[in-house]
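Me: I am new to this structure. Please walk me through the model.

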Amino acid sequence: MKPDPQPSGLSRGIHFLINPEWTPEQALAVFELLNDLADSIWSHYGVQLQELIQEQQRTPTDHSDIEKAPSSL
């Protein structure tokens with residue numbers, strides 16, 4: 001069975017196993033810790049992260065294969 005794709009798009013790396021014996025309280029504590037970490041990272045690097053995300057989402061535009069249309073004027 002293939003794992004669900006990660007939001008990061010990464011398909012390789014460390015596979016994190018979640019202990020099925022965690023209580024809901026333990027799961028919430030880990031979730032809150034990760035959420036606080038994400039908030040701290042965003043507070044410090046927000047502008048740089050936005051710029052990097054925009055750069056990564058931009059698709060390169062290469063028009064070298066388009067022939068110049070003859071001018072009708």
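Predicted model: local features only at pLDDT ≥ 70, side-chain atom pairs only at ≥ 80, totals over all residues.

Reply: Numbering runs from 1 along each chain as its sequence is written, and side-chain values use heavy atoms, without hydrogens and water.

Me: Where does H1 bend?

Reply: H1 has 34 residues, and its end C-alpha atoms are only 36 Å apart. A straight helix would reach 50 Å at 1.5 Å a residue, taking 1.5 Å times one less than its number of residues. A bend is the angle between axes fitted to the seven residues ending at a residue and the seven starting there. H1 bends by about 85°, at Tyr45.

Me: Is Leu37 buried, partly exposed or exposed?

Reply: Leu37 lies in helix H1, residues 24-57. Buried means under 20% relative accessible area, exposed over 50%, and partly exposed in between (1.4 Å probe, protein chains only). Because its relative accessibility is 47%, Leu37 is partly exposed.

Me: Which residues does Leu49 touch, not counting those up to four places away in sequence?

Reply: Leu49 is also in helix H1. Contact means heavy atoms within 4.5 Å. With that cut-off, Leu49 touches Ile41 and Trp42.

Terms used. Helix = DSSP H or I, 4+ residues; strand = E, 2+ residues; numbered from the N terminus.
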